[in-house]
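I opened my notebook to write down what I looked up in one chain, step by step. The structure comes first, and my entries come after it.

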Amino acid sequence: VQLQASGGGLVQAGGSLRLSCAASGRTFSGYAVGWFRQAPGKEREFVAAISWNGGRIYAADSVKSRFTISRDNAKKTAHLQMNSLKPEDTAVYYCTAKYAYYSGSYYYTSQSDYDYWGQGTQVTVSS
């Protein structure tokens with residue numbers, strides 16, 4: 001599967017953005033999806049994840065009250081709705097996927113769990 005992240009941009013603090021992750025390939029529904037981000041000079045970190053069937057979701061403590069992950073398997077897309085953005089959310093955001101159809105309804109939070117990565121989309125939050 002190939003992944004294309006989009007929806008990033010420049011927004012003021014307190015604003016919202018909706019990131020999209022579009023998958024190409026025969027199917028998307030068997031893949032668990034995650035979002036990670038990397039700020040300048042920092043390591044890539046986990047943001048949110050969703051199981052292949054959408055039944056389980058999880059988000060990092062730093063964003064769980066503000067970000068929501070979702071997916072539409074029929075449209076082969078996943079989304080990250082980001083509200084109440086803060087300057088510290090500034091980063092390149094990456095979507096990633098792991099084939100997990102036979103692994104149950106799980107989400108994955110480690111980079112090493114994932115096999116496919118998109119190119120990233122820049123999110124800049126101004127104060």
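The entries below go from the whole chain to single residues.

**Entry: ground rules.** I note that this is a predicted model, in which local features need pLDDT of at least 70 and side-chain atom pairs count only at pLDDT 80 or more, while totals for chains, interfaces and linings use all residues. Residues are numbered from 1 along each chain as its sequence is written, and side-chain values use heavy atoms, with hydrogens and water left out.

**Entry: the whole chain.** I looked up the elements and found zero helices and 11 strands, where helices (H or I, at least four residues) and strands (E, at least two) are DSSP runs numbered from the N terminus. For the overall size, I read that the C-alpha trace spans about 45 × 25 × 25 Å along its principal axes. The radius of gyration of the chain is 14 Å, which agrees with the value near 14 Å for a compact globule of 127 residues; this radius is taken over C-alpha atoms, and the globule rule is 2.2 Å times the number of residues to the power 0.38. I also looked up contacts (heavy atoms within 4.5 Å): among those between residues at least 6 apart in sequence, 62% join residues at least 24 apart.

Entry: I followed an open sheet of four strands, which has the order S1-S3-S8-S7 and antiparallel pairing; two strands pair if DSSP finds at least two bridges between them. Strand S1 (2-6) and strand S7 (67-72) stand at the edges with a single partner strand each, so one side of each is left without a neighbour in the sheet. In S1 and strand S3 (residues 17-24), I found antiparallel pairing over five bridges. Within this pair, Leu3 has Ala23 of S3 as its bridge partner, and Gln4 stands opposite Ala22.

I then asked which residues of S1 lie on its covered face and which on its uncovered one. Leu3 and Ala5 are on the covered face, whereas Gln2, Gln4 and Ser6 are on the uncovered one. This reminded me that in a regular strand the side chains alternate between the two faces of the sheet.

Entry: Buried residues make up 43% of the 127 residues, where buried means under 20% relative accessible area, exposed over 50%, and partly exposed in between (1.4 Å probe, protein chains only).

Entry: Lys76, in the loop between S7 and S8, has a positive phi of about 55° although it is not a glycine, and Lys76 counts as partly exposed at 25% relative accessibility. Ser84, in the loop between S8 and S9, also has a positive phi, near 50°, and is partly exposed with a relative accessible area of 41%.

Last, I looked up Ser105, in the loop between S9 and strand S10 (116-117), which is partly exposed at 24% relative accessibility. Not counting residues up to four places away in sequence, Ser105 touches Ser51, Trp52, Asn53, Gly55 and Arg56.
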